[in-house]
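Student: I have a model open on my screen and would like to learn how to read it. Could you take me through it feature by feature?

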Amino acid sequence: MFITVSGEKKEVKDGLRLEELIEQENVQTPQYVTVSLNDEFIETQDRDKIVLKDGDTVEFLYFMGGGAWL
Amino acid sequence: MALNDEQIERYSRHILLKEIGAKGQKKLLNAKVLIIGAGGLGCPVGLYLAAAGVGTIGVADADTVDLSNLQRQIAHSTADIGKPKVQSLKESMEAINSDVTVNTYEKFIDSSNIRALIRDYDFIVDGTDNFATKFLINDACVMEKKPFSHAGILRFQGQLMTYIPGQGPCYRCVFKDMPPKDAIPTCRQAGVIGAMAGVIGSLQAMETVKFITGTGKLLVGELLTYDGINQSFRKIKLPPCDGKCAICGEHPSITELKDYEQPACELKL
Ligand SMILES: [Zn+2]
């Protein structure tokens with residue numbers, strides 16, 4: 001199936017969970033990243049339960065300060 | 001108040017814009033904007049707003065100019081090293097345009113002084129470099145019903161969003177809370193490309209001018225991100241506040257401001 005991650009369309013395996021996608025994408029310090037799925041924020045504890053579907057859109061929103069990162 | 005001949009010439013390129021015109025220019029001259037942070041973001045914001053003729057501009061920062069600032073903080077020069085940043089920025093702004101009044105606040109902004117400070121201004125620009133102050137600015141602006149521009153820059157990345165009371169999500173709707181101090185083992189000082197401060201700070205100045213003049217569409221409910229490596233801009237849609245936000249929600253759990261501790265990040269060269 002195909003999903004859109006940070007604006008880029010990519011093929012992923014069927015039944016991929018959101019948590020697995022975050023690992024695959026090498027998201028740094030994932031516990032501090034806000035994740036949106038189809039324009040809805042997802043609670044951190046729900047990431048493991050959510051199974052992605054064909055056509056889903058995922059965005060990662062990062063904490064960003066001047067010169068320091070978490 | 002009519003524009004004088006010098007003002008008509010100085011602001012002619014604004015007046016020529018049908019979206020701004022003489023009417024919009026007068027709004028700019030009557031506006032009061034507070035910039036918190038006179039560093040990478042605050043410098044271009046201050047310079048562009050002074051050039052634009054924003055009548056009263058407050059600048060708050062407790063720091064002095066350091067040699068390592070000059071790579072990106074373009075209102076400060078080598079001769080300003082050691083000088084308070086607010087003073088250095090004020091001088092650069094007044095050199096561009098003596099039409100504007102620059103109020104300086106050479107102090108740390110904290111929970112005890114921020115509400116009284118922002119109350120006097122129409123629009124707030126977050127030009128700070130730390131998460132603790134970003135949450136403080138957000139919470140104070142929500143409490144005082146003040147619109148503000150949030151921005152952050154890091155390495156080759158930058159982002160910004162605008163909060164307008166009652167119209168869209170706040171910073172805390174997106175980023176919830178400061179991580180606990182002892183839970184940040186990965187905190188590092190990272191580099192940032194100097195021009196990134198110019199790109200994102202200029203976009204904050206753009207939002208400010210648009211807000212004051214009522215022009216166009218603001219970045220409300222959207223996070224604009226810029227990736228300098230790929231030269232790409234993206235807008236990420238932010239869901240509206242779900243009513244559960246700790247500060248802008250229906251039953252806010254935050255009723256008083258508090259000072260968060262910003263972890264000191266080590267610098268590794
Ligand atoms: Zn909120």
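Tutor: Happy to; we will go through rings, a helix, cores and backbone angles in turn. This is a predicted model, so local features need pLDDT of at least 70 and side-chain atom pairs count only at pLDDT 80 or more, while totals for chains, interfaces and linings use all residues. Residues are numbered from 1 along each chain as its sequence is written, chains are lettered from A and ligands numbered from 1 in the order in which they are written, and side-chain values use heavy atoms, with hydrogens and water left out.

Student: How many aromatic pairs does a search of the whole structure find?

Tutor: Rings of Phe, Tyr and Trp (its six-membered ring) pair if their centres lie within 6.5 Å; planes under 30 degrees apart are stacked, over 60 edge-to-face, and the rest tilted. Over all chains, the search finds nine aromatic pairs. In one of them, the ring centres of B:F135 and B:Y171 are 5.1 Å apart with planes at 55°, so this pair is tilted.

Student: Which parts of the chain does that pair tie together?

Tutor: Helices (H or I, at least four residues) and strands (E, at least two) are DSSP runs, numbered from the N terminus. B:F135 is in helix α7 (residues 131-143) of chain B and B:Y171 in helix α8 (residues 171-175) of chain B, so the pair links parts 36 residues apart in sequence.

Student: Are B:F135 and B:Y171 buried or exposed?

Tutor: Buried means under 20% relative accessible area, exposed over 50%, and partly exposed in between (1.4 Å probe, protein chains only). B:F135 is buried at 0%, and B:Y171 is buried at 1%. B:F135 also forms a tilted pair with B:Y260, at 6.0 Å centre to centre and 50° between the planes. B:Y260 sits in the segment after β9 (232-237) of chain B, so this pair with B:F135 of helix α7 ties together parts 125 residues apart in sequence. B:Y260 is buried too, with a relative accessible area of 19%. One aromatic cluster is formed by A:F63, B:F131, B:F135, B:Y171, B:F175 and B:Y260.

Student: Which lysines lie over the face of a ring?

Tutor: The test is that NZ of Lys or CZ of Arg is within 6 Å of the ring centre and within 35 degrees of the ring normal. A:K9 lies over A:F2, at 5.7 Å from the ring centre, and B:K32 lies over B:Y121, at 5.8 Å.

Student: What does the side chain of B:K134 reach?

Tutor: A polar contact is a pair of N or O atoms within 3.5 Å; within protein, one must be able to donate a hydrogen and the other to accept it, and residues adjacent in sequence count only if both atoms are side-chain atoms. The B:K134 side chain reaches the backbone oxygen of B:T128 at 2.9 Å. B:K134 belongs to helix α7 of chain B and counts as buried at 1% relative accessibility. Contact means heavy atoms within 4.5 Å; not counting residues up to four places away in sequence, B:K134 touches residues including A:M64, A:G65 and B:Y171.

Student: How many residues of α7(B) are buried?

Tutor: Here 13 of its 13 residues are buried. At the start of α7(B), a side-chain oxygen of B:N130 comes within 3.2 Å of the backbone nitrogen of B:A132. After α7(B) comes B:K145, whose phi is positive, near 55°.

Student: Which residues touch the most other members of the largest nonpolar core?

Tutor: In soluble globular proteins, nonpolar side chains tend to be buried together. A nonpolar core is a set of buried Ala, Val, Leu, Ile, Met, Phe, Trp, Tyr and Cys residues joined through side-chain atoms within 4.5 Å. Of the 39 residues in the largest core, B:L34, B:I114 and B:I124 touch the most other members. The largest share of this core, nine residues, comes from α7(B). A second, separate core of 26 residues includes B:A50, B:I57, B:V102 and B:V125.

Student: Where does A:S6 lie?

Tutor: Most residues other than glycine have a negative phi. A:S6 has a positive phi near 50°, lies in the loop between β1 (2-5) and β2 (8-11) of chain A, and is partly exposed at 30% relative accessibility. A:N38 also has a positive phi, of about 50°; its place is the loop between β3 (34-37) and β4 (40-42) of chain A.
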